[in-house]
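Hi everyone, thanks for coming.

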Amino acid sequence: MTDQDLLIRDKYAGDQNANLTEDLARLEKGEPLAYIIGWVPFLGLRIGLDSRPLIPRPETEWWTEALCARLEERFKDRPFSLLDLCAGSGAIGLSVLARFPNAKVTFAELVSSHVEQIKKNIEANGLDADRATMYQSDLFEAIVGKRFDIVATNPPYIPSKRTLDASVTTYEPTEALFADEDGLSVIRRIAEDAPAHINEGGELWMECDIDNIEEARELLLTHGAKSAEIRTDLYGRPRVAVGYYK
């Protein structure tokens with residue numbers, strides 16, 4: 001399916017007579033299709049992107065599905081709490097909110113416009129806002145004293161010297177992509193602070209760069225995880241570090 005077909009289907013509800021002139025001009029300049037459409041599908045949800053958060057990737061959708069399978073295995077119908085850290089559009093936490101009626105989900109996001117976007121996405125998908133809490137927060141800064149059964153995060157993890165496609169660096173938020181020279185500056189802070197925010201027996205699921213994920217796993221172990229493992233993405237690449245806490 002071409003970009004034009006996707007625009008007609010997803011932005012204009014199948015209207016074959018829609019005027020695509022402006023949209024195609026934006027595409028020609030390199031703007032990501034998802035921003036032009038205004039939303040992306042994610043595990044059956046419609047994730048709005050009006051605030052221009054990082055566009056959710058298939059890799060993130062893949063491990064969020066694996067996380068949901070783990071939550072079903074661990075909690076079934078029992079209540080549990082989850083923190084979506086560096087939440088962006090809120091896609092990870094929204095997926096949990098949608099699937100688990102007894103889950104309470106907290107979203108922590110640095111950028112205030114993205115926090116508002118998460119609220120809109122909850123409403124647009126008909127989810128239970130009473131089970132969701134939002135914080136504008138630099139990582140755990142605004143949620144001191146709060147603990148969760150699960151922390152799930154897709155933090156900035158790309159080394160600053162790496163060259164990405166211009167459509168990414170020009171249009172997507174660089175603060176959600178890059179994390180200093182080694183790509184680990186934010187992950188270090190998460191690893192250090194996570195134990196104070198995870199309940200006994202809790203878990204931390206963290207998306208990482210395939211080139212620094214082993215270092216990320218070691219950071220979790222160094223800073224209090226009882227054990228940690230690496231999970232692959234849909235392409236078989238090491239993508240998620242999972243820490244298990246006493």
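Predicted model: local features only at pLDDT ≥ 70, side-chain atom pairs only at ≥ 80, totals over all residues.

Cys208 counts as buried, because its relative accessibility is 0%. Cys208 is in no disulfide, though, and the nearest cysteine sulfur, in Cys86, is 11 Å away.

Now for another cysteine, Cys68. With 3% relative accessibility, Cys68 counts as buried as well. Its closest cysteine sulfur is again that of Cys86, at 19 Å, which is too far for a bond.

Let's step back and look at the overall picture. You can count nine helices and nine strands here. The radius of gyration is 18 Å, close to the 18 Å that the globule rule gives for 246 residues, so the protein is as compact as a globular protein of that length. Along the principal axes, the C-alpha trace spans about 60 × 40 × 35 Å. Of the 246 residues, 52% count as buried.

In α8, which runs over residues 185-193, the buried residues are Ser185, Val186, Ile187, Ile190 and Ala191. And what do the buried residues of α8 pack against? Their partners are the strands β3 (80-85), β6 (148-153) and β7 (198-207), together with helix α9 (213-222).

The protein exposes about 11700 Å², with carbon and sulfur atoms supplying 47% of that. As for charges, there are 28 positive and 42 negative ones, and their mean positions are 4 Å apart.

Conventions
Residues numbered from 1 in each chain as written. Heavy atoms only, no water. Disulfide = S-S within 2.5 Å. Buried < 20%, exposed > 50% of the residue type's maximum accessible area, 1.4 Å probe, protein only. Helix = DSSP H or I, 4+ residues; strand = E, 2+ residues; numbered from the N terminus. Contact = heavy atoms within 4.5 Å. Rg over C-alpha atoms; globule rule 2.2 N^0.38 Å. Areas by Shrake-Rupley, 256 points an atom, 1.4 Å probe, with all protein chains shown as cover. Lys, Arg positive; Asp, Glu negative; His and termini not counted. Charge placed at Lys NZ, Arg CZ, Asp CG, Glu CD.
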